[in-house]
Amino acid sequence: MDNLLDERSLLDIFWKSLRISRSKFNFFATLLAASCLTVQVLHSTQTIKELLDIVRLAALNGLSLSLGILGFLIAGFTILTTVSSPGLTLLMADKVHEKSGLSYLKYNYIGLVVVFIWFLLFAFSCLIVIAFGGTGSAISALLESLGSCSEPTKHFIAKTSFVYIYTFQFYLLLQLKTFVFNIYHISMTSAMWIQDQEKKKKAVDSGEVGL
């Protein structure tokens with residue numbers, strides 16, 4: 001059994017999560033979404049101001065929604081860990097997942113916790129946009145001071161921010177999909193283990209009665 005207290009921070013958990021195989025569907029779907037958004041913004045007739053306004057609004061709504069959803073996810077995770085069978089938990093902690101090298105306990109739980117980390121990263125990104133990307137901010141003032149030289153930079157920042165924030169939102173939706181499936185799979189695994197334990201108990205009882 002590996003040390004269950006190896007991780008000292010969310011960063012440690014994130015590094016461990018890289019050992020878990022990623023969903024190919026999530027990867028290619030996110031890549032497709034980013035490509036579509038890039039094509040859209042490159043051929044858009046929207047002004048820089050309009051794009052920046054969209055990004056700021058998306059960041060404001062994204063911060064509120066991500067923190068709200070994160071609260072529900074944490075509550076669900078807490079309930080799951082509370083109702084999990086101690087016997088199954090110890091069994092998973094003792095068995096190693098071959099591909100990742102992690103115990104099945106960490107393999108399952110890190111797969112859930114990493115979703116929280118992605119939501120926190122998105123919330124932090126939104127906070128950065130709100131704090132430093134507003135009208136009249138220091139960054140805006142610096143770009144304005146450059147005059148006409150700042151126009152290409154403004155275009156790059158506006159379009160990149162648009163693609164980044166909406167691609168990230170799309171990726172979070174896919175993470176929610178994965179989170180829901182993982183919860184379902186862990187619940188079914190727990191149910192199967194309880195069912196198996198009941199069958200073993202009945203078999204033992206039958207043997208004792210036969211004696």
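1. Ser-23 caps the N-terminal end of α2, with a side-chain oxygen 3.4 Å from the backbone nitrogen of Phe-25. A polar contact is a pair of N or O atoms within 3.5 Å; within protein, one must be able to donate a hydrogen and the other to accept it, and residues adjacent in sequence count only if both atoms are side-chain atoms. The model is a predicted one, in which local features need pLDDT of at least 70 and side-chain atom pairs count only at pLDDT 80 or more, while totals for chains, interfaces and linings use all residues. Residues are numbered from 1 along each chain as its sequence is written, and side-chain values use heavy atoms, with hydrogens and water left out.

2. Helix α2 covers residues 24-42, 19 residues in number, and spans 27 Å from its first C-alpha to its last. This is close to the 27 Å expected at 1.5 Å a residue, the expected span being 1.5 Å times one less than the number of residues. Helices (H or I, at least four residues) are DSSP runs, numbered from the N terminus.

3. The buried residues of α2 are Asn-26, Ala-29, Thr-30, Ala-33, Ala-34, Leu-37 and Val-41. Buried means under 20% relative accessible area, exposed over 50%, and partly exposed in between (1.4 Å probe, protein chains only). Seen down the axis of α2, these buried residues fall within an arc of 135 degrees, so they line one face of the helix; the arc is that of the directions from the helix axis to the C-beta atoms. The face turned away from the buried side carries exposed residues, including Phe-25, Phe-27, Phe-28 and Leu-32.

4. Twelve aromatic pairs are found in a search of the whole structure. Rings of Phe, Tyr and Trp (its six-membered ring) pair if their centres lie within 6.5 Å; planes under 30 degrees apart count as stacked, over 60 as edge-to-face and the rest as tilted. Phe-77 and Tyr-109 form an edge-to-face pair, because their ring centres are 5.6 Å apart and their planes stand at 75 degrees. Phe-77 lies in helix α3 (residues 48-83) and Tyr-109 in helix α5 (residues 104-132), so the pair ties together parts that are 32 residues apart in sequence. Phe-77 is buried at 15% relative accessible area, and Tyr-109 is buried at 16%.

5. Trp-118 and Phe-168 have ring centres 6.2 Å apart and planes at 80 degrees, so this pair is edge-to-face. The pair links distant parts of the chain, 50 residues apart: Trp-118 is in helix α5 and Phe-168 in helix α7 (residues 151-210). Trp-118 is buried at 17% relative accessible area, as is Phe-168 at 9%.

6. Asp-53 forms one with Lys-49 (3.0 Å, N to O) and one with Arg-56, whose closest N and O atoms are 3.1 Å apart. In helix α3, Asp-53 is four residues from Lys-49, about one helical turn, and three residues from Arg-56, also about one helical turn. Asp-53 is partly exposed at 33% relative accessibility, whereas Lys-49 is exposed at 59%.

7. Asp-196 forms a salt bridge with Lys-200, the closest N and O atoms being 3.5 Å apart. Both lie in helix α7, four residues apart, about one turn of the helix. Asp-196 is partly exposed at 34% relative accessibility, and Lys-200 is partly exposed at 48%. Salt bridges that share partners also join Glu-7, Lys-16 and Lys-106 into one network.

Definitions and conventions: Helix = DSSP H or I, 4+ residues; strand = E, 2+ residues; numbered from the N terminus. Salt bridge = Lys/Arg side-chain N within 4 Å of Asp/Glu carboxyl O.
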